[in-house]
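Q: How does one begin to read a protein structure?
A: Start with the model itself.

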Amino acid sequence: MLTGKQKQYLKSEAVSLPAYVQIGKEGMTSSVVQSVEDVLLARELIKVKINQNSDEDIRDTASLLAEKLDCEIVQIIGRNCVLFKQKEKKSHYELP
């Protein structure tokens with residue numbers, strides 16, 4: 001569980017990140033979940049965007065991804081969410 005200070009730090013880091021994963025009209029498929037997992041393992045902090053043509057709800061999607069992938073929801077804004085899963089070794093982020 002992230003503290004408020006840690007979330008603030010991660011939010012500031014995520015501002016400049018592009019949306020690495022985009023969810024389209026097919027919605028939450030197993031391939032989307034797999035690609036989110038792969039990007040999380042590589043980058044630790046990612047943005048996920050739900051495109052306009054999708055019927056998915058960002059809050060439900062973020063909760064589902066957090067539960068399935070054992071990661072933290074840092075922020076939800078509009079149709080974007082920021083997810084974080086810290087590596088055990090050689091993390092890119094030094095949490096306060």
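Q: What kind of model is this, and how many helices and strands are in the protein chain?
A: This is a predicted model. The protein chain holds 3 helices and 4 strands. Read from the N terminus, the elements run α-β-α-β-α-β-β. The radius of gyration is 13 Å, close to the 12 Å from the globule rule for 96 residues, so the protein chain is as compact as a globular protein of that length.

Q: How many of the 96 residues count as buried?
A: Here 36% of the residues of the protein chain count as buried, meaning under 20% relative accessible area.

Q: Which residues of H2 are buried, and where do they lie around the axis?
A: An α-helix has 3.6 residues a turn, so residues three or four places apart point the same way. In H2 the buried residues are Val32, Val33, Val36, Val39 and Leu40. These residues cover an arc of only 130° around the axis, which puts them on the same side of H2. The face turned away from that buried side carries the exposed residues Ser30, Ser31 and Leu41.

Q: What do the buried residues of H2 pack against?
A: They pack against strand E1 (19-23), strand E2 (45-50), helix H3 (58-69) and strand E4 (80-84). H2 lies across E1, E2 and E4, and runs at about 170° to E1. H3 also packs on the sheet, where it touches E1, E2, E3 and E4. The direction of H3 makes about 165° with that of E3.

Q: What follows H2?
A: Glu44 follows H2, and its phi is positive, near 75°.

Q: In what order do the strands stand in the sheet?
A: Strands of a sheet pair through backbone hydrogen bonds, either parallel or antiparallel. In this model 4 strands form an open sheet, in the order E1-E2-E4-E3, with mixed pairing. E1 and strand E3 (72-77) stand at the edges with a single partner strand each, so one side of each has no neighbour in the sheet. From one strand to the next the twist averages 25°.

Q: In which sense do E3 and E4 pair, parallel or antiparallel?
A: E3 and E4 pair in the antiparallel sense, over 5 bridges. Ile76 stands opposite Cys81 in E4.

Key
Residues numbered from 1 in each chain as written. Predicted model: local features only at pLDDT ≥ 70, side-chain atom pairs only at ≥ 80, totals over all residues. Heavy atoms only, no water. Buried < 20%, exposed > 50% of the residue type's maximum accessible area, 1.4 Å probe, protein only. Helix = DSSP H or I, 4+ residues; strand = E, 2+ residues; numbered from the N terminus. Arc of directions from axis to C-beta. Contact = heavy atoms within 4.5 Å. Pairing = 2+ DSSP bridges. Axes fitted to C-alpha atoms, helices over the stretch in contact; angles between N-to-C directions. Rg over C-alpha atoms; globule rule 2.2 N^0.38 Å.
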